[in-house]
Amino acid sequence: MVYLAALVLLLEEWCWNAGLRLCRAIARCFARWPLLAALERRVRALPPYAALCAFVLPGLLLFPVKLLALWAIAKGHAASGVACFVAAKLGGAAVVARLYALTLPTLLAVGWFARCHGSFMRIKNRCIAYLRASRAYAGTTRALRAARLNWRRWRRRPRPGPAFGSRDGSHVARVLRRFIVQWRARRR
């Protein structure tokens, strides 16, 4: 059970970090928008319990979307259900991660939240450390590293030159070019 809990926590942490990076990139992209900057300033200035509501509300609002995605999967629409669930998970993680970063100093002023946050972080770190110390995690990490290295080598390998008698070596490309020329000639 500890391995399962640690894996779930690692997945959540990955979603959280990816969402935080996404929100930072969006914030940098839209930094010139005064509305977004003003909204972030207002969120940072919220009182503790209003900040708690702002932090919890997006997760609560996405819960019905996730239930709808599970319902779609149960009704036989697996691809759309999974896509909806993944989009809700990543989008929710992005928004909640950004709100967490904006409201954490204010939230830590609430005594019970600070205690729960500290306890959760200790348990989470202990579970992840237990997982990272296991042989299975080390083996998986080595295998993923080797797969990434092989992928990079495969992408950087030298490509064969063009075939004899063609400009780009692709028969399909020549046929498509000929078709496009004929199609344009007929349109005139």
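## Helix contacts and pockets

The axes of helix α2 (residues 34-44) and helix α4 (residues 78-107) cross at roughly 40 degrees and come within 8 Å. The model is predicted. Its protein chain has seven helices and zero strands.

**Where α2 meets α4**
- On the α2 side, the contact uses Glu40, Val43 and Arg44.
- On the α4 side, these residues meet Arg98, Leu99, Leu102, Thr103 and Thr106.
- By class, this contact has three nonpolar, two polar and three charged residues.

**The chain as a whole**
- The pattern along the sequence reads α-α-α-α-α-α-α.
- The protein chain has 188 residues, and 22% of them are buried.
- Among contacts with a separation of 6 or more, 71% join residues 24 or more positions apart.
- The accessible surface is about 14,500 Å², and carbon and sulfur atoms hold 68% of it.

**The largest pocket**
- This pocket holds about 770 Å³ of space.
- It has 24 lining residues, and Glu12, Trp16, Phe55, Val96 and Phe120 lie nearest its centre.
- Two or more lining residues come from each of α1 (2-29), α3 (48-74), α4 and α5 (111-132).
- Helix α3 gives the largest share, seven residues.
- The lining has 15 nonpolar, four polar and five charged residues.

**The second largest pocket**
- Here the space is about 300 Å³.
- The second largest pocket has 12 lining residues, with Leu10, Tyr137, Thr140, Thr141 and Leu144 nearest its centre.
- Helices α1 and α6 (135-156) are the elements that give two or more residues to this lining.
- The largest share, seven residues, comes from α6.
- By class, the lining has seven nonpolar, three polar and two charged residues.

Notes:
Residues numbered from 1 in each chain as written. Predicted model: local features only at pLDDT ≥ 70, side-chain atom pairs only at ≥ 80, totals over all residues. Heavy atoms only, no water. Axes fitted to C-alpha atoms, helices over the stretch in contact; angles between N-to-C directions. Helix = DSSP H or I, 4+ residues; strand = E, 2+ residues; numbered from the N terminus. Contact = heavy atoms within 4.5 Å. Nonpolar A, V, L, I, M, F, W, Y, C, P; charged D, E, K, R; others polar. Buried < 20%, exposed > 50% of the residue type's maximum accessible area, 1.4 Å probe, protein only. Areas by Shrake-Rupley, 256 points an atom, 1.4 Å probe, with all protein chains shown as cover. 1 Å grid on protein atoms, 1.4 Å probe; cavity = no way out; pocket = protein on both sides within 12 Å on 5 of 7 lines; lining within 4 Å. Points joined across faces, edges and corners; volume = space filled by probe spheres on them.
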